[in-house]
Amino acid sequence: MTSLAFSSLTVSYGDSVAVDSFSDVVRPGEWLCLIGPNGAGKSSLLRSVAGLVKYQGQITVDGASLDLRSTRRRAELIAHVPQSPVLPDDMTAFEYVLLGRNPYVSYFGSETKHDRELVRQILERLDVSEFAQRRLGTLSGGERQRIVIARALAQEAPILLLDEPTSALDIGHQQQALELVDRLRREHGFTVLSAMHDLTLAGLYSDRLVLLHHGYCVSSGPADEVLRAETLSEFYGVSVTVHRDPDGTVVVVPRRSTPLA
Amino acid sequence: MIESTRRSWWLPGAGLLLAVAFLFGAMIGPAGPDWWRVPLELLDRLPFVSIDSGVSPLESSVLWEIRMPRVVLAALVGSMLSLAGASYQGVFRNPLVDPYLLGVAAGAGLGATLVIVVNRTATESWPIDPLPLAAFIGGLLAVLLTYLVGAAFGAARVSATLVLAGVAVTSLATAIQTFILQRNSEVVRQVYSWILGRLSTATWSDVRLVLPYVIVSSGVLLAHRRLLDVMRIGDDEAQSLGARVDRIRLTVVVAATLGTSAVVSVSGLIGFVGIMVPHLVRFLAGASYRRLLPLTVMVGATFLIVADVPGRILSDPAETPIGVVTAFLGAPFFIIVLRSRQGALR
């Protein structure tokens, strides 16, 4: 199990600052979920961990700075599931998941029998073996999402970054995808850092929430501390009712300005 | 499983087709031995095989000194242009680019023109012929310029921007070339014959000139076939999978440009091969670069040997340049690709 720590992380694009001096420690095996309005800096934070944007400050994995790692070594530690992944229509699901083995294949080398066997096992575990040879263009949204997660698993990285993993899915497939991530992290001890828009689901599946606003961390803690009607109204500018179920589930419900008849 | 067995037949199949085209190319021609004696003569040249092919010494030299270099050169040029085309399409993630549309050929032409203008007779005897090198530098500068201009206006992966930038760079290089030629009219003939190419008068020394470049370039490109598959999911995701995207792109572009410039310096301008062959192979065998690149080499070689045949038969009153044949086939093909890939232009 692996920890992920940030110390005064700042990401800026030209003059605009997307993430401002963010410091936090994601404990080994913890699922931390970033929430916040559009443009709050959630994706930028994830992209900085994935090595896709330049940043100031420090990101450390088990105490060792990420800067010192090559692109390839970083990919052995961190798997990134982007918000809208590029899925070439005519690539088969198996070929796509096999790309996840890239960090372990030498520059001019090719995948070994072990790599292929591992991919086969992952597809089996995610219950998607039956469409291993199907083209990505023929898969449904839910099937695609599972294939993308399978690619991340093929990286065998202890840290999983999920950027809006459920935004393109219906409610059934949202639950299916999050259940899958939850099960996998319990089985493998993954440390998960995700960004999500659905506050109820974010609170339901993660251990801890971080609310970002204009790049600042404005609130951090378990769901019932962060998801308060007044906090959400201040930073999202919304009017919501927050229910607390007896089992501890926090449910965020939007309210209409004109009352229901 | 059935599918993967079927796929494993593509490469031997393409190899067989190439062998047939090669034989066909060697058997056809105005002068020379009877067509059916050619296979016997070829077998006779194999080690430990001795067959009386009944080919006279004169006919034998027509076969070995005129036909064979031409067929071999056509195969080298065809495979190189196709492989380079497929590789450019891979690193630019753009189905519409080929060595010509990116401005490589025009840049190479400009580089070669400069060498010819400065003093061709003196440089010809240099230990390393500077003509392909100058063509390479010209071609490389052109493709880099195209990429920078294309990238400057929005994302370089937008197909239309890159193709339009290529058109602009091609026009610029051609304009400079025309300007230089106007000032040095005594070399116009020499430059013009270089542009048209000399596939029709190919000799073994032409083959020897391009072979090292083709081997190095093809070797590097084929070695990148797995990484080109990784690049298909976009720069960011490829990078997050540990691929150093910029380095891969630069290496592939340099290798493809080196090969293209070298073959252009003997074959002249042959358009559309680099776009036609890869698309044909994609259509038949799928878009994975692991299959695509080796198949492209085979099919490209086959294609150009066959496309060279009309030029050799229809030699009355003058031989049809091979560039005319490929353009005749390629222009309609390009329009079909555009039609089926309309989405890619947006």
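Which residue is the bridge partner of Leu32(A) in E9(A)? In this predicted model, the partner is Arg208(A), and the legends below begin with the sheet around this pair.

**View 1. The open sheet of six strands in chain A.** The strands follow one another in the order E6-E7-E8-E3-E9-E10, and their pairing is mixed. At the edges lie strand E6, residues 78-81, and strand E10, residues 216-221, each of which pairs on one side only. From one strand to the next the twist averages 15°. Within this sheet, strand E3 (residues 31-35) runs parallel to strand E9 (residues 208-213), and four bridges join the two; Leu32(A) with Arg208(A) is one of the pairs of bridge partners that a reader can look for here.

**View 2. Helix H1 of chain A and the two sheets it meets.** Helix H1, which spans residues 42-49 of chain A, packs on the sheet of six strands and touches E3, E6, strand E7 (159-163), strand E8 (191-195) and E9. The direction of H1(A) makes about 145° with that of E8(A). H1(A) also lies across strand E1 (4-13), E2 and E4 of chain A, where it runs at about 65° to E2(A).

**View 3. The open sheet of four strands in chain A.** Here the order is E2-E1-E4-E5, with antiparallel pairing. Strand E2 (16-26) and strand E5 (64-65) are the edge strands, each pairing on one side only. Two bridges connect E5(A) with strand E4, residues 56-61, in the antiparallel sense, and in this pairing Thr60(A) has Ser65(A) of E5(A) as its bridge partner.

**View 4. The hairpin of strands E11 and E12 in chain A.** Strand E11 (residues 240-244) and strand E12 (residues 250-254) run antiparallel and are joined by five bridges, with Val242(A) standing opposite Val252(A) in E12(A). The two strands form a hairpin that has five residues between them, and in its turn Gly248(A) has a positive phi of about 100°. Strand E11(A) is hardly covered, since the count of buried residues among its five residues is zero.

View 5. Chain B, with 15 helices and zero strands, has 346 residues, of which buried residues make up 48%. Among its contacts with a separation of 6 or more, 77% are accounted for by residues 24 or more positions apart. The close-up shows helix H2 (residues 10-27) and helix H4 (residues 57-91), which pack at an angle of about 145° with their axes 9 Å apart, and H2(B) passes H4(B) in a right-handed crossing. From H2(B), Phe22(B), Gly25(B) and Ala26(B) meet Leu63(B), Arg67(B), Met68(B), Val71(B) and Ala75(B) in H4(B). By class, this contact has six nonpolar, one polar and one charged residues.

**View 6. The contact between chain A and chain B.** The contact takes 22 residues from chain A and 19 residues from chain B. On the side of chain B that touches chain A, the elements giving two or more residues are helix H10 (225-231) and helix H11 (235-240), and the largest share, four residues, comes from H11(B). The residues on this side of chain B divide into six nonpolar, six polar and seven charged.

Terms used
Residues are numbered from 1 along each chain as its sequence is written. Chains are lettered from A and ligands numbered from 1 in the order in which they are written. This is a predicted model: local features need pLDDT of at least 70, side-chain atom pairs count only at pLDDT 80 or more; totals for chains, interfaces and linings use all residues. Two strands pair if DSSP finds at least two bridges between them. Axes are lines fitted to C-alpha atoms, for helices over the stretch in contact, and angles run from 0 to 180 degrees between N-to-C directions. Two residues are in contact if their C-beta atoms, placed from the backbone, lie within 7 Å. Ala, Val, Leu, Ile, Met, Phe, Trp, Tyr, Cys and Pro count as nonpolar, Asp, Glu, Lys and Arg as charged, and the others, Gly among them, as polar. A residue is buried if 20 or more other C-beta atoms lie within 10 Å of its own, exposed if 12 or fewer, and partly exposed in between; C-beta atoms are placed from the backbone. A crossing is left-handed if the near helix is turned anticlockwise from the far one by less than a right angle, and right-handed if clockwise.
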